[in-house]
Amino acid sequence: MNVPNHVAIILDGNGRWAKSKGMPRNYGHVQGSKNVEVICEEAYKMGIQYLTVYAFSTENWNRPKDEVDALMKLLRNYMKTCLKTAEKNRMCVRVIGDKSRLDEDIRNRIDELEKATVNNDGLHFQIALNYGSRDEILRAVRQIMADTKEGTITPDMMTEELFSSYLDTKGIPEPDLMIRTSGEERISNFLLWQLAYTEFYFTDVPWPAFTKEELVKAIEVFNSRNRRFGKIEEE
């Protein structure tokens, strides 16, 4: 089986999964968080080198305050757990997104996690927090404009490679496969630039119920699509 180098996942359906079991939405978020650890380990065992998950979007701040507060509490706990998991599995962890809106203690934990794992040679694990691709592109453009004003770069220097270096994902290969769980078939402002040539896979399975077997199904579909440079191979 040809395993993709980089898999990106939109973690959708936590709340609906919990509701289907007669539980509060926050229960779904807790179980979804635990499943991230499971899939990280299984993905690396399968040979996947990069895994990027969409954990909290710039739009998620619009959710009810009690749900946002619960997510931030879960995030604080997850940062501790992720550090232990990274030490055990030698994961290199990186958080992408605008961290400035996150509370100082969360930013400090992110910084600690990234510094502690930067030299690890296992799975490269990216967590998208307070991430929105339009926001990412706007931040990149503002920095490009500032650098142009200062004379660091000139307009004729701009290439796709140079532009990519201003994005949060600098140095990370573009995803080969993007998976979205729980039945929605849209990308919801996730990695708009980076997904230009990525294969998409949508499943009705909610994230807390997404298993190794479901990941294998997604990769099997990925393998059934003939790919070449330009990304689709001729028959």
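In this report, a residue is called buried when its relative accessible area is under 20%, exposed when that area is over 50%, and partly exposed in between, with a 1.4 Å probe and protein chains only. The structure is a predicted model, in which local features need pLDDT of at least 70 and side-chain atom pairs count only at pLDDT 80 or more, while totals for chains, interfaces and linings use all residues. Residues are numbered from 1 along each chain as its sequence is written, and side-chain values use heavy atoms, with hydrogens and water left out.

## The loop between β5 and β6

Helices (H or I, at least four residues) and strands (E, at least two) are DSSP runs, numbered from the N terminus. The loop between β5 (177-180) and β6 (199-202) contains T181. T181 counts as buried because its relative accessibility is 0%. Contact here means heavy atoms within 4.5 Å. Leaving aside residues up to four places away in sequence, T181 touches I10, L11, D12, T203, V205, P206, W207 and F210.

A polar contact is a pair of N or O atoms within 3.5 Å; within protein, one must be able to donate a hydrogen and the other to accept it, and residues adjacent in sequence count only if both atoms are side-chain atoms. A polar atom of the T181 side chain lies 2.7 Å from the backbone oxygen of D12.

Most residues other than glycine have a negative phi. The values and the accessibility of the two residues are set out below.

| Residue | Phi | Relative accessibility |
|---|---|---|
| S182 | near 75 degrees | 12%, buried |
| L191 | about 50 degrees | 2%, buried |

F190 also has its place in the loop between β5 and β6. With a relative accessible area of 0%, F190 is buried. Not counting residues up to four places away in sequence, F190 touches A8, I9, I10, T52, Y54, A128, Y131, S133, M178 and L195. The C-alpha atoms of F190 and I9 are separated by 9.5 Å, although the two residues are 181 residues apart along the chain.

## Aromatic pairs

Rings of Phe, Tyr and Trp (its six-membered ring) pair if their centres lie within 6.5 Å; planes under 30 degrees apart count as stacked, over 60 as edge-to-face and the rest as tilted. By this rule the model has eight aromatic pairs. One of them joins Y54 and F190, whose ring centres are 4.4 Å apart and whose planes meet at 10 degrees, so the pair is stacked. Because Y54 lies in strand β2 (residues 50-57) and F190 in the loop between β5 and β6, this pair ties together parts that are 136 residues apart in sequence. Both Y54 and F190 are buried.

W207 and F210 form another stacked pair, with 5.5 Å from centre to centre and 20 degrees between the planes. Both W207 and F210 are buried. Ring pairs also link Y54, Y131 and F190 into a cluster.

## N130 in strand β4

Strand β4 contains N130, which is buried at 4% relative accessibility. Beyond residues up to four places away in sequence, N130 touches F56, S57, T58, W61, G97, D98 and R101. With T58, 72 residues apart from N130 along the chain, the C-alpha separation is 4.7 Å. A polar atom of the N130 side chain lies 2.7 Å from the backbone oxygen of D98.

## Cysteines

A disulfide is a pair of cysteine sulfur atoms within 2.5 Å, and by this rule the count is zero. The closest cysteine sulfur to that of C82 belongs to C40 and is 7.0 Å away, too far for a bond. C92 is in no disulfide either, since the nearest cysteine sulfur, that of C82, is 11 Å away. C82 is buried at 1% relative accessibility, and C92 is buried with a relative accessible area of 12%.

## The largest pocket

On a 1 Å grid over the protein atoms alone, a pocket is an open set of points where a 1.4 Å probe fits, with protein on both sides within 12 Å along at least five of seven lines; lining residues have an atom within 4 Å of a point. Grid points are joined across faces, edges and corners, and a volume is the space filled by probe spheres set on the points. The largest pocket holds about 760 Å³ of space. Its lining comprises 32 residues, of which L11, Y54, A55, N60 and R63 lie nearest the centre of the pocket. At least two lining residues come from each of α1 (14-20), α2 (25-46), β2, α3 (65-89) and β4 (124-131).
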